[in-house]
Amino acid sequence: TRDDGGKFEEKVTEQDILKVFDRADEPVLTTSDLADALPVGRDAVYRRLTDMHDDDLVGRKKAGANAVVWWAKVAPRLSEETEKDVEDAEPVMTHDEVKDKFGIET
């Protein structure tokens with residue numbers, strides 16, 4: 001869809017792309033791999049990846065005459081709900097339990 005100014009509205013965010021990397025079984029993905037997992041075409045994904053590379057969010061390497069592989073350099077941000085869950089979670093071990101278990105003296 002287009003916005004009021006006639007520009008195409010963004011359908012896929014950097015976070016959406018980073019989430020695909022986070023869920024992937026492979027350490028690197030091609031532009032086509034990412035496009036297959038997202039609701040936009042290969043050209044749109046390539047343009048977004050290029051911008052993300054310029055911002056040092058993803059790495060890239062030529063893997064053949066016409067092939068490029070990409071990898072995430074940062075993790076996706078947690079959703080607000082997940083952040084709250086993490087904040088509300090009880091620690092697995094208290095500070096004193098860690099000191100006792102590992103023999104740390106302060």
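**Entry 1: α1 and the sheet**

I started with α1 and looked up what it lies across. In this predicted model, α1 lies across β1, β2 and β3. Its direction runs at about 95° to that of β3. I then turned to α3, which also packs on the sheet and touches β2 and β3. The direction of α3 makes about 110° with that of β2.

**Entry 2: the sheet itself**

In what order do the strands of the sheet come? I found an open sheet of three strands, ordered β1-β3-β2, with antiparallel pairing. The edge strands are β1 (29–30) and β2 (58–62), and each of them pairs on one side only.

Next I went through the pairs. β1 and β3 run antiparallel and are joined by two bridges. Leu 29 stands opposite Trp 70 of β3, and Thr 30 stands opposite Val 69 of β3.

**Entry 3: the chain from end to end**

I stepped back to see the whole chain. It has five helices and three strands, and from the N terminus on its elements run α-β-α-α-β-β-α-α. The chain has 106 residues, and 23% of them count as buried. I also checked contacts between residues at least 6 apart in sequence: 42% of these join residues at least 24 apart.

**Entry 4: the buried residues of α1**

Back to the helix I began with. Which residues of α1 are buried? My list reads Gln 15, Ile 17, Leu 18, Val 20 and Phe 21. I then asked what covers them, and the cover includes β1, α2, α3, β2 and β3.

An α-helix has 3.6 residues a turn, so residues three or four places apart point the same way.

**Entry 5: α1 against α3**

How do α1 and α3 pack? Their axes are 11 Å apart and the angle is about 90°. The two helices are therefore roughly perpendicular to each other. From α1, the contact is made by Glu 14, Ile 17, Leu 18 and Phe 21; from α3, by Arg 48, Leu 49 and Met 52. Sorting this contact by class, I get five nonpolar residues, two charged ones and no polar ones.

**Entry 6: the nonpolar core**

I looked up the largest nonpolar core next, and it has 17 residues. Those with the most contacts inside it are Ile 17, Phe 21, Leu 34, Leu 38, Val 45, Leu 49 and Val 58. Which element gives the most to it? That is α1, with four residues. As a general note, nonpolar side chains tend to be buried together in soluble globular proteins.

Leaving aside its neighbours within four places in sequence, Leu 34 is in contact with Ile 17, Val 20, Phe 21, Leu 29, Val 45 and Leu 49.

**Entry 7: two loop residues**

Last, I visited two loops. Ala 24 lies in the loop between α1 and β1. Why does Ala 24 count as partly exposed? The reason is its relative accessibility of 25%, which falls between the limits of 20% for buried and 50% for exposed. I also checked Ala 24 against Leu 34: these two are 10 residues apart in sequence and 9.6 Å apart in space, C-alpha to C-alpha.

The other stop was Asp 56, in the loop between α3 and β2. Asp 56 has a positive phi of about 65°, although it is not a glycine. For context, most residues other than glycine have a negative phi. Asp 56 counts as partly exposed because its relative accessibility is 46%.

Methods: Residues numbered from 1 in each chain as written. Predicted model: local features only at pLDDT ≥ 70, side-chain atom pairs only at ≥ 80, totals over all residues. Heavy atoms only, no water. Core = buried A, V, L, I, M, F, W, Y, C linked by side-chain atoms within 4.5 Å. Buried < 20%, exposed > 50% of the residue type's maximum accessible area, 1.4 Å probe, protein only. Contact = heavy atoms within 4.5 Å. Axes fitted to C-alpha atoms, helices over the stretch in contact; angles between N-to-C directions. Parallel < 35°, antiparallel > 145°, perpendicular 65-115°, else oblique. Nonpolar A, V, L, I, M, F, W, Y, C, P; charged D, E, K, R; others polar. Pairing = 2+ DSSP bridges.
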